[in-house]
Amino acid sequence: MKHLIVFVLVAVALLLFAVCPVIATEIWIFAIFGLGLNLLLGYTGLLSFGQSTFFGSAAYVAGWLLKHYAINAFFALAIGVAVGAVSAALVGYLCVQRSGLYFIMLTFALNQLFYFIAYQWTSVTGGEDGMPGIPRPALLGIDFTDPLNYYVFIALLFLASLWVMKRIVESPLGKILQAIRENEVRAEAVGYSVPRFKLLAFVIGGAFSGLAGVLYAMLFGIVPLEAIGFVFSGNVVFATLIGGSGSLYGPIIGSIVFIWLSESVSVIWARWPLLLGVAFVIVVLFFRGGVVEAWSRFWSWQSSRPRT
Amino acid sequence: MLYALMGLGLSLITGILNIPNFAHGALFAVGAYLLVTTVNAIGNFWLALVLAPIGVALLGLAIEYAGIRRLYAAGHDYQLLFTFGLALIISEGIIIIWGPVGFSYLPPPALRGGVDLGFTFYPKYRLFVMGVAGLLVLATWLFLEKTRYGAIMRAGIENKEMVSLLGIDIHRLFTVAFALGAYLAGIAGALTAPIRGINPNMGVDMLGVAFVVVALGGLGNLLGAIAAGLLIGVAQAIVAAYWTEASTAAIFAVMAAVLLVRPQGLFGIR
């Protein structure tokens, strides 16, 4: 466990040099988003296909306040976390009462509800054009308009989020959630109120998504309509799965791979979602264990080859 | 009625195959685009209306055979990712083939204009769509309830192991169910084209609606799909009359409201 944390620290530092600061920053924001989903998907066994609901809502609300009331950055982050958690509580309350396929469909349908509200409420959200002009206020005298400063800020926030998430999954609460994943009926029989804990997982996951949403809005200075769309929800599920949803670090690896690839491809070809779709299909058909497993398979194949 | 048709197809696929089919909306869009292309090519609306959904059913057949078949043992997360990837491929493919801008499409001359119903004036084509959709729902119902294969299909929804233990080829059943669901999505898309025009986003918009119908009506529940389809269709029409912008959001709001009162859906199955 210790060396993994060192590994993450090194990766945080190195990534800046490997890719440009904006993409590196986006990667850590996406990783925070993925951490939130992973609590649901990896630890509680709930496949939520509506995470962008919380991400987008937080981005819109905090972005609006930043733009029109010039609130400070800490306050904006707190608002984002709160909006993420509250919207997750609302959505979660409806969703946790059903399970399996119904659950997935409900998270998606409610995502669509929020999407259409954002789409039509053009006076606030700007509709299809997005909500531009979100400032990046200075904090404690540090100027965040400098991309490097902002990157360090995000990287630190990411490490803090990772630490919090690690504490959560290792706490008794985390164990209960895993028990629900393994056997819902037994967890219920032991005396835990399964819907209540699922809802709690939803709220925590939503808070992480909300944090990521605000940081995203501040990074690009705009909340695009896509930030609350279902493709965004799908992307984070994909990133978490390619990283490997079983472990705490899966979504981090997934975000690095996903953002890096999609940012490099999207510059080349406007129809890159097509390639994304092809990637989904290929991964599902051939590399179901995610990057980590593909890597180990590649190594065993390498070492099994006769040396010449 | 179109919503019911859409939900019914999805309900069949989700109910029998037990997979979340995120490509259902894309199949709907393909149906609409195929119809317009076929009409332009052969100049006959009626023949195109027959051919386009069959094309979609064949596409569904291919998807099931080449991809989904391998994924029954995998978890919902991977099935979801697969169908979601397919949806992206299909909708991007539509943009590449037909362009990103939608276009409106007129119903055939025989169905243009309106009919005076005494109390209101109603477009002929919409009446036609209601009739066709009604007939299709009825036909699906008859197929599921009155034929031998329909009975096997319903048995497949209840208990897959038991059905295959009885010596029935469950994989062929899955393929047929997927193709049938795709057919219903395709014909719903084809029928929609002259009402709303076509654009690359129509699939996604409809996908949410189909999920609402299934969530409210219950998996594999025909009556539920019809009731839920009618409910949200009427709700949307009423909201649209007073507050046009909110009409799409209204569908999901109605769903949320119904689930608040009845978390188990309209008929409370599973």
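H8(A) passes H10(A) in a left-handed crossing. The model is predicted.

Trainee: How close do the axes of H8(A) and H10(A) come, and at what angle do they cross?

Mentor: Helix H8 (residues 172–182) and helix H10 (residues 194–220) of chain A have axes that come within 10 Å. They cross at roughly 115°.

Trainee: Which residues meet there?

Mentor: From H8(A), A:Ile176, A:Leu177 and A:Ile180. From H10(A), A:Val194, A:Phe197, A:Lys198 and A:Ala201. By class, this contact has six nonpolar, no polar and one charged residues.

Trainee: What makes A:Lys198 in H10(A) a charged residue here?

Mentor: Lys counts as charged, along with Asp, Glu and Arg. A:Lys198 is a Lys, so A:Lys198 falls in that class.

Trainee: Now chain B. Why is H2(B) called oblique to H8(B)?

Mentor: Start with the value. Helix H2 (residues 24–42) and helix H8 (residues 170–196) of chain B pack at an angle of about 50°, with their axes 7 Å apart. That angle makes H2(B) oblique to H8(B). Roughly parallel needs an angle under 35 degrees, and roughly perpendicular runs from 65 to 115.

Trainee: What is the hand of the crossing of H2(B) and H8(B)?

Mentor: Right-handed.

Trainee: Which residues of H2(B) and H8(B) meet?

Mentor: Among them are B:Leu27, B:Phe28, B:Gly31 and B:Leu35 in H2(B). H8(B) contributes residues including B:Ala182, B:Gly186, B:Ile187 and B:Thr192. The classes are 13 nonpolar, five polar and no charged residues.

Trainee: What elements does chain B hold?

Mentor: Chain B has 11 helices and two strands. From the N terminus on, they run α-α-α-α-β-β-α-α-α-α-α-α-α.

Trainee: How much of chain B is buried?

Mentor: Buried residues make up 49% of its 270 residues. To count as buried, a residue needs 20 or more other C-beta atoms within 10 Å of its own.

Trainee: How many residues does each chain give to the contact between A and B?

Mentor: Chain A gives 34 residues and chain B gives 38. On the side of chain A, H5(A) gives the most, with 13 residues. That side divides into 26 nonpolar, five polar and three charged residues.

Trainee: What confidence does the predictor give?

Mentor: Chain B averages a pLDDT of 77, and 89% of the residues score at least 70. The complex has an ipTM of 0.73 and a pTM of 0.78.

Technical notes. Residues are numbered from 1 along each chain as its sequence is written. Chains are lettered from A and ligands numbered from 1 in the order in which they are written. This is a predicted model: local features need pLDDT of at least 70, side-chain atom pairs count only at pLDDT 80 or more; totals for chains, interfaces and linings use all residues. Two residues are in contact if their C-beta atoms, placed from the backbone, lie within 7 Å. Helices (H or I, at least four residues) and strands (E, at least two) are DSSP runs, numbered from the N terminus. A residue is buried if 20 or more other C-beta atoms lie within 10 Å of its own, exposed if 12 or fewer, and partly exposed in between; C-beta atoms are placed from the backbone. pLDDT is the predictor's confidence in each residue, from 0 to 100. Axes are lines fitted to C-alpha atoms, for helices over the stretch in contact, and angles run from 0 to 180 degrees between N-to-C directions. Angles under 35 degrees count as roughly parallel, over 145 as roughly antiparallel, 65 to 115 as roughly perpendicular and the rest as oblique. A crossing is left-handed if the near helix is turned anticlockwise from the far one by less than a right angle, and right-handed if clockwise.
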